[in-house]
Amino acid sequence: MTPRATSAADNPVMNLPTPDDAPPLPDTLSYLNGEYAPLRDARISVLDRGFIFGDGVYDVLPAYGGRLFRFEQHMARLDRSLAGLRIPNPLTREQWLAIARRLIASLQTSKGFVNQLVYIQVTRGVAVRDHVMPPGLTPTVFVMAGEMKLASAAQREHGVACVTADDFRWQKAHIKSTSLLGSVLARQISADAGAVETVMFRDGFLSEGASSNVWVVQDGAVLGPPRDHLVLEGIRYGLIEDICRQQGLRFELRRIARAEVLAADELLLSSATKEVLPITTLDGTPVGHGAQRGRPGPVYARLYAGYQQAVAAQSI
Ligand code: PDD
């Protein structure tokens with residue numbers, strides 16, 4: 001019998017990682033179709049349409065110290081995503097909240113994580129493979145939770161590097177669908193370049209990051225792409241709008257040409273885990289002007305402070 005290579009170092013031909021190099025799957029509590037089980041033991045049918053077609057939606061909810069932030073807004077987006085795929089929401093708000101809280105509480109006692117991230121997924125359900133949507137299926141409901149790893153102090157102090165790419169995803173980016181291959185390929189472009197996000201443009205206009213929204217600061221105003229089918233409306237869209245109103249910053253959603261992004265005073269990312277995060281180099285070029293060039297700017301500082309105040313005031 002030929003001995004099997006057990007690690008990249010033992011593999012003389014390819015020097016590729018082997019399955020033995022993969023990290024172990026988590027034993028944290030998860031929820032699947034009414035049952036709670038360790039995540040590594042949860043199982044679905046291979047005929048689940050989420051597996052076969054990516055026929056499902058998901059959402060990712062942040063929790064700080066065990067308290068969910070903007071839960072209602074995440075639920076409203078889940079409803080919109082489900083409606084986009086004509087899948088009924090199988091659970092009530094109260095049921096979603098109870099599951100999320102149980103998983104968070106379990107994480108707190110078993111792992112002691114300070115902040116948590118709850119991932120929920122609903123697929124159309126299990127059926128014989130057919131592109132046509134089979135009527136009357138029972139949706140598959142899956143929820144897991146893990147540690148929310150926020151941006152590091154160094155990233156906040158220095159900002160992060162991003163690269164640009166064409167937006168080659170489909171034209172229903174407003175649906176938070178589990179069909180994420182376009183986003184995976186887009187994100188890998190920046191990962192290969194050692195950058196934290198890929199800033200995408202469609203037909204010469206800013207759309208968003210592979211898994212975050214992108215904001216442009218221009219003459220003191222915060223600009224973002226319109227809420228339309230070409231971007232996923234992050235929960236931070238409404239939040240940044242609120243903070244701008246409180247802080248007296250002009251906020252405008254409109255199409256933003258690539259040249260405006262390249263000439264921005266500041267660029268920011270937003271997502272559940274990035275909160276708001278300054279981009280300080282884009283394709284290797286420092287962002288901004290004068291003494292501020294390549295450094296996090298004053299509008300970022302105000303939005304981040306407003307964000308932390310909102311977390312303290314609004315988490316449930
Ligand atoms: N991503 N745009 C895209 C394409 C996203 O995937 C996300 C979130 C966002 C920001 O949305 P929010 O502010 O609600 O986190 C924008 C999540 C976190 C993910 O896929 O893991």
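I take contact to mean heavy atoms within 4.5 Å. The model I consulted is a predicted one.

**Entry 1: helices H2 and H3**

I looked up which residues bring H2 and H3 together. From H2, I noted Phe71, Glu72, Met75, Ala76, Leu78 and Asp79; from H3, they meet Arg93, Trp96 and Leu97. I sorted the residues of this contact by class and recorded 6 nonpolar, no polar and 3 charged.

I then turned to the geometry. Helix H2 spans residues 71-84 and helix H3 spans residues 93-110; they pack at an angle of about 120°, and their axes lie 11 Å apart. H2 is therefore oblique to H3. I recorded the crossing of H2 and H3 as right-handed.

**Entry 2: helices H6 and H8**

Helix H6 covers residues 235-247 and helix H8 covers residues 298-314, with an angle of about 110° between them and their axes 10 Å apart.

On the H6 side, I listed Arg236, Leu239, Ile240, Ile243, Cys244 and Gln247 as making the contact; on the H8 side, I listed Arg302, Leu303, Gly306, Tyr307 and Ala310. By class, I noted 7 nonpolar, 2 polar and 2 charged residues in the contact of H6 with H8.

**Entry 3: the two domains**

I looked up how the protein chain is divided and found domain 1 at 29-147 and domain 2 at 153-314. Taken over C-alpha atoms, the centres of the two domains are separated by 26 Å. To the contact, domain 1 contributes 24 residues and domain 2 contributes 22 residues.

I also noted the buried area: domain 1 and domain 2 bury about 1800 Å² between them, and 58% of this is on carbon and sulfur atoms. Which three residues supply more than any other three of the area that domain 1 buries against domain 2? I identified Tyr58, Phe69 and Arg70, which supply 36% of that area.

Methods
Residues numbered from 1 in each chain as written. Predicted model: local features only at pLDDT ≥ 70, side-chain atom pairs only at ≥ 80, totals over all residues. Heavy atoms only, no water. Axes fitted to C-alpha atoms, helices over the stretch in contact; angles between N-to-C directions. Helix = DSSP H or I, 4+ residues; strand = E, 2+ residues; numbered from the N terminus. Parallel < 35°, antiparallel > 145°, perpendicular 65-115°, else oblique. Left-handed = near helix turned anticlockwise from the far one by under 90°. Nonpolar A, V, L, I, M, F, W, Y, C, P; charged D, E, K, R; others polar. Domains from an automatic or database assignment. Buried area = accessible area lost by both parts, 1.4 Å probe.
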